[in-house]
Amino acid sequence: MSTTATGSTASRREQILSAAAELFARYGFHGVGIDDIGAAVGVSGPALYRHFRSKDAMLAEMLTGISDKLLSGGRGHVENAADAATALEELVGWHVEFALTNPALITVHLRDLDSLCEADRRRVRELQRGYVEVWVTALRAVRDDLDEHTARACAHAVLGLINSTPHSAHLDAATMSTLLRRMALDALGIPRTPPEGLHGR
């Protein structure tokens, strides 16, 4: 298969997953049929089976895919940072950007994870634990007063804060990004001077 054909196939799969994520976020995994997803991408429902064996397979690839992307991206930002403080700021910024640009995926993850089969759910949980540990290590490199358990609790709390954006993003994207970064760093005990324009909001 040529590179162009392979790229086209990958793009089509991504298009299908994106449409499915929007539908799952709006109606719930069990409220969406294969024909609904097909209609969203301009094909018949059964035509989707050329790309995915089932609706369940779409959900599995969707959720393992975002978990893997977060883990690999988080590791990359930490490894390429100049120092520990920058690494933590980069990690916060990475998750804020992801949350603001992928609200449907976050909604599906929070609501429909239990719809996965046990093996897929276990894989997602494994990737999630790895991602949280990236946060724990980065946080403790800056906050040496925190024990491991406290740092992990902090990481979970801040990720929960950022992941609330599908319901709390009422500002424009740039302002919301600045606000979330500030709130996250403050919550982690690394205060920053409030950026200009956020005073008194």
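Which helix gives the most to the lining of the second largest pocket? In this predicted model, that element is helix 3, with five residues.

Two packed helices are described by the angle between their axes and the distance between the axes. For helix 3 (residues 55-80) and helix 4 (residues 84-101), the angle is about 150° and the axes lie 8 Å apart. Angles over 145 degrees count as roughly antiparallel, and helix 3 and helix 4 are therefore roughly antiparallel to each other. The crossing of helix 3 past helix 4 is right-handed. On the side of helix 3, the contact is formed by I66, K69, L70, G73, G74, H77 and V78, while helix 4 contributes A87, E90, L91, W94, H95 and F98. Sorted by class, the residues of this contact comprise seven nonpolar, four polar and two charged.

Helix 3 also packs against helix 5. The axes of helix 3 and helix 5 come within 10 Å and cross at roughly 110°, which makes helix 3 roughly perpendicular to helix 5. Helix 3 takes part in this contact through L59, M62, L63 and I66, and helix 5 through L105, V108, H109 and D112. Six of the contact residues are nonpolar, one is polar and one is charged.

Rolling a probe the size of a water molecule over the atoms shows where empty space is left. The second largest pocket holds about 240 Å³ of space. This pocket is lined by 15 residues, of which S18, A21, I66, N102 and L105 are the closest to its centre. At least two lining residues are supplied by each of helix 1 (3-27), helix 3, helix 4 and helix 5. By class, eight residues of the lining are nonpolar, four are polar and three are charged.

The largest pocket has a volume of about 380 Å³. Its lining consists of 19 residues, and those closest to the centre are H109, Q128, Y131, L159 and N163. Two or more lining residues come from each of helix 3, helix 4, helix 5 (103-112), helix 6 (118-142) and helix 7 (148-162). Helix 6 gives the most to this lining, with six residues. The lining divides into eight nonpolar, seven polar and four charged residues.

The axes of helix 7 and helix 9 (residues 173-187) come within 10 Å and cross at roughly 165°. These two helices are therefore roughly antiparallel to each other, and helix 7 passes helix 9 in a right-handed crossing. Helix 7 contributes V158, L161 and I162 to the contact, and helix 9 contributes L180, M183, A184 and A187. Seven residues of this contact are nonpolar, with no polar and no charged residues present.

Notes. Residues are numbered from 1 along each chain as its sequence is written. This is a predicted model: local features need pLDDT of at least 70, side-chain atom pairs count only at pLDDT 80 or more; totals for chains, interfaces and linings use all residues. Side-chain values use heavy atoms; hydrogens and water are left out. Axes are lines fitted to C-alpha atoms, for helices over the stretch in contact, and angles run from 0 to 180 degrees between N-to-C directions. Helices (H or I, at least four residues) and strands (E, at least two) are DSSP runs, numbered from the N terminus. Angles under 35 degrees count as roughly parallel, over 145 as roughly antiparallel, 65 to 115 as roughly perpendicular and the rest as oblique. A crossing is left-handed if the near helix is turned anticlockwise from the far one by less than a right angle, and right-handed if clockwise. Contact means heavy atoms within 4.5 Å. Ala, Val, Leu, Ile, Met, Phe, Trp, Tyr, Cys and Pro count as nonpolar, Asp, Glu, Lys and Arg as charged, and the others, Gly among them, as polar. On a 1 Å grid over the protein atoms alone, a cavity is a set of points where a 1.4 Å probe fits but cannot get out, and a pocket is an open set with protein on both sides within 12 Å along at least five of seven lines; lining residues have an atom within 4 Å of a point. Grid points are joined across faces, edges and corners, and a volume is the space filled by probe spheres set on the points.
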